[in-house]
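This report walks through one protein chain for a reader who has not seen it before. It goes from the overall layout to single residues.

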Amino acid sequence: MNWSIQRFETNRAFQKRPDQQGTLRKYKVPSVVICGDKNPITPVKRHDFMAGMIPHARLTILENTGHFPTIEAPVETNAALRDWLAQPYVIR
């Protein structure tokens, strides 16, 4: 299968996924949303939107990273998680 057809089918699959905005708004614990600034599938703007729906969420953007930060930038992803986990668990 050529790349453009595969990309089209992937995009169609994402469009058919159920909307999860209600789920995100129900989260009641602090959360971190980690994304890569070079993500071609889910851009930073979308991650910012998702983080905005989760009360007390923090958005962390990793530079020069795509859709799989845990694979593409494991050191930076772990540092972001360590930093987030070191924060006190306080909900205002």
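Two residues are in contact when heavy atoms of theirs lie within 4.5 Å. Leu-24 touches Met-50, Met-53, Ile-54 and Pro-55, leaving aside residues up to four places away in sequence. The model in which these contacts are found is a predicted one.

**Overall layout**

The protein contains 5 helices and 2 strands. Read from the N terminus, the order of its elements is α-α-β-α-β-α-α. Of the 92 residues in the protein, 23% are buried. The accessible surface of the protein amounts to about 7,100 Å², and carbon and sulfur atoms account for 56% of that surface. When contacts between residues at least 6 apart in sequence are considered, 70% of them join residues at least 24 apart.

**The nonpolar core**

Which residues make up the largest nonpolar core? This core has 5 residues in all: Leu-24, Val-33, Ala-51, Met-53 and Ile-54. In soluble globular proteins, nonpolar side chains tend to be buried together.

**A buried threonine**

Thr-77 belongs to helix 5, which covers residues 74–86. Is Thr-77 buried or exposed? Thr-77 has a relative accessible area of 4%, and because the limit for a buried residue is under 20%, Thr-77 counts as buried. Not counting residues up to four places away in sequence, Thr-77 touches Ile-34, Leu-62, Pro-69 and Thr-70.

Most residues other than glycine have a negative phi. His-56 has a positive value, near 70 degrees, and is not a glycine. Asn-64 is likewise not a glycine, and its phi is positive at about 55 degrees.

With a relative accessibility of 37%, His-56 is partly exposed. His-56 and Val-29 are 27 residues apart in sequence, while their C-alpha atoms are 7.0 Å apart in space.

The relative accessible area of Asn-64 is 61%. Asn-64 is therefore exposed, as the cut-off for that class is over 50%.

**Salt bridges**

How many salt bridges are counted in the model? The count comes to 2.

| Salt bridge | N to O distance | Relative accessible area |
|---|---|---|
| Lys-38 and Asp-37 | 4.0 Å | Lys-38 52%, Asp-37 31% |
| Asp-83 and Arg-58 | 2.8 Å | Asp-83 40%, Arg-58 27% |

In the pair of Asp-83 and Arg-58, the side chains meet at 2.8 Å. This pair links distant parts of the chain, with Asp-83 in helix 5 and Arg-58 in strand 2, 25 residues apart. Asp-83 is partly exposed, and Arg-58 is partly exposed as well.

The side chains of Lys-38 and Asp-37 meet at 4.0 Å. Lys-38 counts as exposed because its relative accessibility of 52% is over 50%. Asp-37, at 31%, is partly exposed.

Notes:
Residues are numbered from 1 along each chain as its sequence is written. This is a predicted model: local features need pLDDT of at least 70, side-chain atom pairs count only at pLDDT 80 or more; totals for chains, interfaces and linings use all residues. Side-chain values use heavy atoms; hydrogens and water are left out. Helices (H or I, at least four residues) and strands (E, at least two) are DSSP runs, numbered from the N terminus. Buried means under 20% relative accessible area, exposed over 50%, partly exposed in between (1.4 Å probe, protein chains only). Accessible areas come from the Shrake-Rupley method with a 1.4 Å probe; for residues, only the protein chains shown count as cover. A nonpolar core is a set of buried Ala, Val, Leu, Ile, Met, Phe, Trp, Tyr and Cys residues joined through side-chain atoms within 4.5 Å.
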